[in-house]
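Hi everyone, thanks for coming.

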Amino acid sequence: MRLLRPGAITEIVGRSSSGRTSLFTACLGEATAAGGVAALVDADETFDPASAARAGVDLARLLWVRCAGRRDAALRATDLLVRCPGFALVGLDLGEAAPPLPPAAAFRLKFAVERMGAALVIVGRRRVAGAGASLVVETVRAGLEWAGPGPVPTRLALLVAAAAAERCEPALREGALAVVTPAAHAKILEANAAARAGGVGPGMTETEARARCPALVSRPWVDAHVAAARAALLEAALGVSPRVEDAGAGVVHVDAAGLERLHGSPAALGAHLLGQARRV
């Protein structure tokens, strides 16, 4: 099955941690590896350039449009990009809050991609393009589903580089912290919760990040510190379940099947695991 269909809309839908982002990243890698130029409209700024590069995406051939949660701006940017010549792939990541497109808007996108010949891939929790999509792929993670308080499924996704710096310097937990590339013109790789609340996100230059968050403290990426933090996170997960998977980028999947007698409800298990992770 070919997901990249020139002149057509493909939707990749699924719950968080179901593999939808990994599948979309593979599409970006395929497009850029073939020498094409791709554009990503990122509604929630969740794209991780470092992970994408490790997955084979040529970042020099990728235009990343960050929308800071503004889905109206994301839709306008997508409508503009699919009308621009030169893009082999335009991707729109709407995340968990994916609003359905009005039929007129969906067919406007459909006609635009047909005229320009680009492949448009829309990623999100649910379908939004209706009959405008020529292919819909739903991703499902078999046998494992995270649950947390409230109606929205959650997962444990720690920012391992920022956590590694905080483990080495506990005082950094009190403020905004970013991990940056060790280069003359440093760029943000990861940011802790306080920094993200101040508008700091991956891919920004350190200068841009400090303009948004003047109190920001930065630390360089240190491989040894990150490796130690990942090992500690895995150890914490193994203290809860014997079946864990290191998914990279600070994400550990834990199989919760059969653990109800030990830890209670899925919400209680999640709280216990989060407490374990914070202690390491």
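Predicted model: local features only at pLDDT ≥ 70, side-chain atom pairs only at ≥ 80, totals over all residues.

Before we go anywhere, a word on burial: I call a residue buried under 20% relative accessible area, exposed over 50%, and partly exposed in between, with a 1.4 Å probe and protein chains only. Residues are numbered from 1 along each chain as its sequence is written, and side-chain values use heavy atoms, with hydrogens and water left out.

Okay, confidence. pLDDT is the predictor's confidence in each residue, from 0 to 100. The chain average is 81, and 85% of the residues score at least 70. Where does pLDDT stay under 50? That's residues 143-159, and for this stretch the model has 38 contacts beyond four places in sequence, a contact being heavy atoms within 4.5 Å.

Now the aromatics. Rings of Phe, Tyr and Trp (its six-membered ring) pair if their centres lie within 6.5 Å; planes under 30 degrees apart are stacked, over 60 edge-to-face, and the rest tilted. Searching the whole structure gives two such pairs. One is Phe-47 with Trp-64, edge-to-face, at 5.3 Å centre to centre and 70 degrees between the planes. Phe-47 sits in the loop between β2 (37-42) and α2 (49-54), while Trp-64 is in strand β3 (residues 62-66), so to say distant parts of the chain, 17 residues apart. My helices (H or I, at least four residues) and strands (E, at least two) are DSSP runs, numbered from the N terminus. Phe-47 and Trp-64 are both buried.

The other pair is Phe-107 with Phe-111: centres 6.2 Å apart and planes at 45 degrees, so this one is tilted. Both belong to helix α4 (residues 103-116), and because they are four residues apart, about one helical turn separates them. Phe-107 is partly exposed at 32%, and Phe-111 is partly exposed too, at 42%.

Next, helix α3 (residues 71-81). Its buried residues include Arg-71, Asp-79 and Leu-81. What do the buried residues of α3 pack against? They pack against β2, β3, β4 (87-93), α4 and β5 (119-124).

On to an open sheet of three strands, ordered β8-β7-β9 with mixed pairing; strands pair if DSSP finds at least two bridges between them. β8 (188-191) and β9 (217-220) are at the edges with a single partner strand each, so one side of each has no neighbour in the sheet. β7 (residues 177-180) runs parallel to β9, joined by four bridges, and antiparallel to β8, over three bridges. Take Ala-178: its bridge partner is Ser-218 in β9 and Ala-191 in β8. Side chains in a regular strand alternate between the two faces of the sheet. In β7, Leu-177 and Val-179 are on one side, Ala-178 and Val-180 on the other, and all are buried.
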